[in-house]
Amino acid sequence: MTPIRLRKVTVIAERVLRDDLLDLLKELGATGWTLTAVEGEGTRGIRASEWEGRNVQIDTIVSPDLAERLMDEIGRRYFADWSLIIYAADVDVMRGEKYQHPR
Amino acid sequence: MTPIRLRKVTVIAERVLRDDLLDLLKELGATGWTLTAVEGEGTRGIRASEWEGRNVQIDTIVSPDLAERLMDEIGRRYFADWSLIIYAADVDVMRGEKYQHPR
Amino acid sequence: MTPIRLRKVTVIAERVLRDDLLDLLKELGATGWTLTAVEGEGTRGIRASEWEGRNVQIDTIVSPDLAERLMDEIGRRYFADWSLIIYAADVDVMRGEKYQHPR
Amino acid sequence: MSLLAENLISPVVLCFALGIFARAIRSDLAIPEPIQQGLSIYLLLAIGLKGGAALAVEPLAALLLPAVLTLALGGITPVSAYGLMRRIGRLERADAAAVAAHYGSVSVVTFLAAGEAVKRAGLTAEGYLPAMVALLEVPGIVIALLFASRAGSGGESSGGNWKKALHEVVTGKSIVLLLGGLVIGWLCGPEKLTDVQPFFATAFKGALCLFMIDLGLAAGKRLRDARLAGLRLLVLGCLIPVLHGALGVFGAVLAGLSEGGAVIFGAMAGSASYIAAPAAVRVALPRANPAYYLTLALGITFPFNLALGIPLFQELATLFHAWL
Amino acid sequence: MSLLAENLISPVVLCFALGIFARAIRSDLAIPEPIQQGLSIYLLLAIGLKGGAALAVEPLAALLLPAVLTLALGGITPVSAYGLMRRIGRLERADAAAVAAHYGSVSVVTFLAAGEAVKRAGLTAEGYLPAMVALLEVPGIVIALLFASRAGSGGESSGGNWKKALHEVVTGKSIVLLLGGLVIGWLCGPEKLTDVQPFFATAFKGALCLFMIDLGLAAGKRLRDARLAGLRLLVLGCLIPVLHGALGVFGAVLAGLSEGGAVIFGAMAGSASYIAAPAAVRVALPRANPAYYLTLALGITFPFNLALGIPLFQELATLFHAWL
Amino acid sequence: MSLLAENLISPVVLCFALGIFARAIRSDLAIPEPIQQGLSIYLLLAIGLKGGAALAVEPLAALLLPAVLTLALGGITPVSAYGLMRRIGRLERADAAAVAAHYGSVSVVTFLAAGEAVKRAGLTAEGYLPAMVALLEVPGIVIALLFASRAGSGGESSGGNWKKALHEVVTGKSIVLLLGGLVIGWLCGPEKLTDVQPFFATAFKGALCLFMIDLGLAAGKRLRDARLAGLRLLVLGCLIPVLHGALGVFGAVLAGLSEGGAVIFGAMAGSASYIAAPAAVRVALPRANPAYYLTLALGITFPFNLALGIPLFQELATLFHAWL
Ligand SMILES: Nc1ncnc2c1ncn2[C@@H]1O[C@H](COP(=O)(O)O)[C@@H](O)[C@H]1O
Ligand SMILES: Nc1ncnc2c1ncn2[C@@H]1O[C@H](COP(=O)(O)O)[C@@H](O)[C@H]1O
Ligand SMILES: Nc1ncnc2c1ncn2[C@@H]1O[C@H](COP(=O)(O)O)[C@@H](O)[C@H]1O
Ligand code: NA
Ligand code: NA
Ligand code: NA
């Protein structure tokens, strides 16, 4: 089996955004996600979610196109008011076709 | 010190597979691993491991050769019956030689 | 918005090093970090931090220059006595300029 | 009817309902995973200790008959569940075997709830019953694996999986804690346990409430799946506990157990495990679809027993006791 | 003065101080997050159960007057807090609204500490007060959102946020557990709760101590920020609890509550929530800076009430009771 | 001999054995990390509170002699452990120093187990002993660092590490909770603690059982390493507790403590810390191999003391008391 080159988009954000972000991913056509509870510090000092627990890191593997759209859309919606970071990287995925087509 | 380019193979799977997967990594010659407890959703809706806790994400840094073998072997053994995703990416590793030779 | 190519430096180390490593990142000019609690095994069998809990994985997104300096400096300080792994990879970051300039 | 209300209006049952309700309104209420695991460790150990202390003052010979009965039930219930799931439920072999493994073992919380109901009714039950719970864990999964392996549905390496699944059950934390508690309780006897009773006995019911909230949250999730499972499975999920439960009550009365003990035996036979069994089944029968067995055990049969099954077993126990 | 010492030298208050101290010396002491969440689930449920058991033996009509009083306070306190934050605190609209939402609801731990102080003073309080805490959670956040939306500071999709924030409050775990506990306690009544009391009632104060250590650690972090918040906010953080608390005590005495009940009403009115409100505000008013509301609620007003506010409300309650 | 059986057949010791057993059969039983941390926070605070309440009714002058004894033991035991590890154990300087730091401080659980044994034997012990445990934490690590720094094995920046390690010990959560509990207990006195006693005192033994399971799991892992450590270390891991324990018992009897107090002092001197010390040593002596100190402290000396050491100290205490 040859792996297929796709993009892994990573969003690290306050936990209150968790459900919103996952809904958005589905809406735009991602086939899955993986979420990790993380801690973090960035340019905004204080974290309101402190009482709500740590940050969440959401990774989703998608086609390069979708990666671009996802990043733009999340940035557009959340950069103004929320504390988050978004980045993407290349990954070679087994059964890659499974993650390419929006469901 | 110049870093050496290696591959980071990531497997995200149900927690019941944890020990099997780690044994397999050792068997095939990986020198180490890092495991993170994660949550996730993919194309299979339900997760039997729910009672057993979340998914596990296993990262292992290996030589490009071994990466290929690892991915093939894990795919061969588990893709039919289990819920998991496997991907790899390039990383530049300090003291890279340490992770290249099977122990 | 076009993402900017930066480097993600990852350090996985015993938890006792946590504060030291984060201080060092700040000192050298990283603008932020994300920390995940992980488990792991490598070439050193036993982990003193067992009682102190698991390993920590620290990811920091920085400019390529700084990435190099960070990796060198952390390696120089900790490779002799401590159990840790350091690697870096390319990532395309939204609002990338935010993470480029040392604060 | 008043027995029913009496059974439903208790902190333990209402906490379960609170969990289901919270899930229904999409509340963010969640028992953190480590707390949930800590609670189940606590509950299993506490049950074991209590049973062990009872064994310490019991002549071991008295255990023989109930043990035989337990093993008999452990043999009959998975076979009956398998047959019903194949014929009426129309499940594949692997799926039916997986479900059978669950009905062959015991839901510890149903066991506890039956114990509470017995106590509330002013009855008593044999103290050694936790030992029977441990005994009942093993045969169910073995028989289920036999069914599955006959069909070769255990995967290519089904030989290896066999051994693994048995190891999973026998060394699984549920059995280790239950048996461990039994042995410790038995070695120490009631007197030496006095100092740990405030923690393991007095606080038990309250801790169980927290655990029930978590179970309610999990069951609430499954309840939604229940609709998808189809009417056949839904009916079976209510029928099987009645059948097996009646059998358990009947057998227990026949074996000379007290009325309270018969109720609890009914709950043991009529319930389906959702803590120990799923892990073992996932390992042994990866091809079986978890949606079936989790939904049946946790989403249908467990709430059914909590609300209706236990009061029914109480009625049956009274009835059979009067008859025999 | 001796009332003050009496109030400060208690395990609960000293555990809070221990947390602050540990933070000050940069100790690595930390209550793991799941334990902290487990404790808050336990505390809220226990408070609810206690209140519900009290409701079960209370004629419901007796609740009318206190409920009206609670809603009145729930209307007045956020308006007053908003005004003070705008005029004297010189905060932006969104920030002032966010702070107002916090002062409009109740700090559950201050509520508990007031209950303890009342008990220590040999007084009693009405048992239904936990129901009032739940009632007071909602109006504060609604009024705050009204202020913010008038200014359009709710973000582009502020309509959607409105609904979301309300959902967040009403289905938030704090309310679900508090109300859930109330209903369960009320349905079961004191007698059926007997078995769970060792866990939920007898062990309560000790578990609260652990929770207070965690709060102390969190407040210790905020205390450092308090200096940055500036003198104006620091003064307001002490002034508002005095104002609102006096109002609460006065209203309660007027409504015919006992002296002990009046103290607790004072603490309810004078305290600022730091568990339920922050999450709702973060969703509804993302533009508001968390540094203001968290520092005020947790870093300034909470310790102030614990140390000085509660003894003051006790004095006031005695005074007003003598007057009226 | 019957003393031995009496000591071994207790829920606390058997839970430790259960943990070792579970590890041996490769069970998946595990106490989640946050629960384990929560338990150790609880245990340390509870011990502190108990000691503090005892201090509150004790004339402070009575503490002088035991404190001097404690400091003396804190000075002698690391030196003796260092010497033995260098000569007989043939360890490097850094490794020997690291081990010495562990034997210089106290295993809190051994301390508790000794307290239980004393109680079971119908004896009583001085209430202020927890204060001595806290006192004994510091000298061991300081002396060990002195040994290591003489050899320059503290790493390039050993000056910095010195300060850091001391900070780590003094502000470490163990000391903060133990001392914090002591101060709170002392300020409140027994009476004001009444309300928190159901949680911190009555439930204590049971909670300790859960903690022991976790220790058993950890020790089980180390037991396997014990074989690798070689016969020399294995012998030393049993010899040192006997030597130091006898010294502790003797000193305590000499200082006029009760027989029960002497047993506990023996356990304090003869035990090796495995909660506070490892973290401090890892920071201060990164070159020391954790395999040595963890295996010795947790895998060998701790089970040795639990099974054989404590009964031995009991015999010795009776003997010395009769002599002197
Ligand atoms: N340079 C960085 N490297 C890694 N993670 C970062 C970085 N900057 C921010 N983050 C993560 O993104 C979250 C939000 O960042 P910010 O909006 O800058 O406060 C932080 O809590 C971190 O988890
Ligand atoms: N597109 C994706 N992006 C990131 N993680 C995924 C994706 N699809 C699946 N996963 C992860 O892999 C696990 C198994 O996926 P599946 O076998 O598709 O159910 C999920 O629980 C996720 O943690
Ligand atoms: N080959 C590897 N792949 C992934 N993680 C590793 C690898 N080797 C070591 N690690 C991580 O780095 C930590 C320290 O490794 P070591 O110093 O080799 O014991 C381990 O606990 C793992 O979390
Ligand atoms: Na059954
Ligand atoms: Na208020
Ligand atoms: Na010692």
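User: Before we start, what should I know about the numbering and the model?

Analyst: Residues count from 1 along each chain as its sequence is written, while chains are lettered from A and ligands numbered from 1 in the order in which they are written. This is a predicted model, where local features need pLDDT of at least 70, side-chain atom pairs count only at pLDDT 80 or more, and totals for chains, interfaces and linings use all residues; side-chain values use heavy atoms, with hydrogens and water left out.

User: Why is the site of ligand 1 called shared between chains?

Analyst: A residue counts as near a molecule or strand if one of its heavy atoms lies within 4 Å of it. Ligand 1 has residues from chains A and C around it, so the site is shared between chains. There are 20 residues around ligand 1, and those that come nearest are Thr43(A), Asn55(A), Ser83(A), Thr34(C) and Ile61(C).

User: How do you know how much of ligand 1 is buried?

Analyst: Taken alone, ligand 1 exposes 480 Å², and the protein buries 99% of that. These accessible areas come from the Shrake-Rupley method with a 1.4 Å probe (for residues, only the protein chains shown count as cover).

User: Which elements build the shell around ligand 1, and what kinds of residue are in it?

Analyst: At least two residues each come from β2 and β4 (84-93) of chain A together with β2 and β3 (55-62) of chain C. The largest share, 3 residues, is from β3(C). Those names are DSSP runs numbered from the N terminus: strands (E) need at least two residues, helices (H or I) at least four. By class, the shell around ligand 1 divides into 6 nonpolar, 9 polar and 5 charged residues. Nonpolar means Ala, Val, Leu, Ile, Met, Phe, Trp, Tyr, Cys and Pro; charged means Asp, Glu, Lys and Arg; the others, Gly among them, are polar.

User: Where does ligand 2 lie, and what makes Gly40(B) one of its polar contacts?

Analyst: Ligand 2 lies between chains A and B. Asn55(B) has an N or O atom in its side chain 2.8 Å from an oxygen atom of ligand 2. The protein buries 99% of the 480 Å² that ligand 2 exposes when taken alone. In the shell around ligand 2, the largest share is 3 residues, from β3(A).

User: And which chains hold ligand 3, and which atoms touch it?

Analyst: Ligand 3 lies between chains B and C. A nitrogen atom of ligand 3 is 2.8 Å from a polar backbone atom of Ile61(B), and an oxygen atom of ligand 3 is 3.1 Å from an N or O atom in the side chain of Lys98(B). From chain C, Ser83(C) puts a polar side-chain atom 2.9 Å from an oxygen atom of ligand 3. The protein covers 99% of the 480 Å² of accessible area that ligand 3 has on its own. The shell around ligand 3 has 6 nonpolar, 9 polar and 5 charged residues, and its largest share, 3 residues, comes from β3(B).

User: Why are α6(F) and α11(F) called oblique?

Analyst: In chain F, helix α6 (residues 108-120) and helix α11 (residues 204-229) pack at an angle of about 135°, with their axes 12 Å apart. That makes α6(F) oblique to α11(F). Under 35 degrees would be roughly parallel, over 145 roughly antiparallel, 65 to 115 roughly perpendicular, and the rest is oblique. Axes are lines fitted to C-alpha atoms (for helices, over the stretch in contact), with angles running from 0 to 180 degrees between N-to-C directions.

User: What is the handedness of the crossing of α6(F) and α11(F)?

Analyst: The crossing of α6(F) and α11(F) is left-handed: the near helix is turned anticlockwise from the far one by less than a right angle, whereas clockwise would be right-handed.

User: How do α6(D) and α11(D) cross?

Analyst: Their axes come within 12 Å and cross at roughly 135°. α6(D) and α11(D) are therefore oblique to each other, and their crossing is left-handed.

Key. A polar contact is a pair of N or O atoms within 3.5 Å; within protein, one must be able to donate a hydrogen and the other to accept it, and residues adjacent in sequence count only if both atoms are side-chain atoms.
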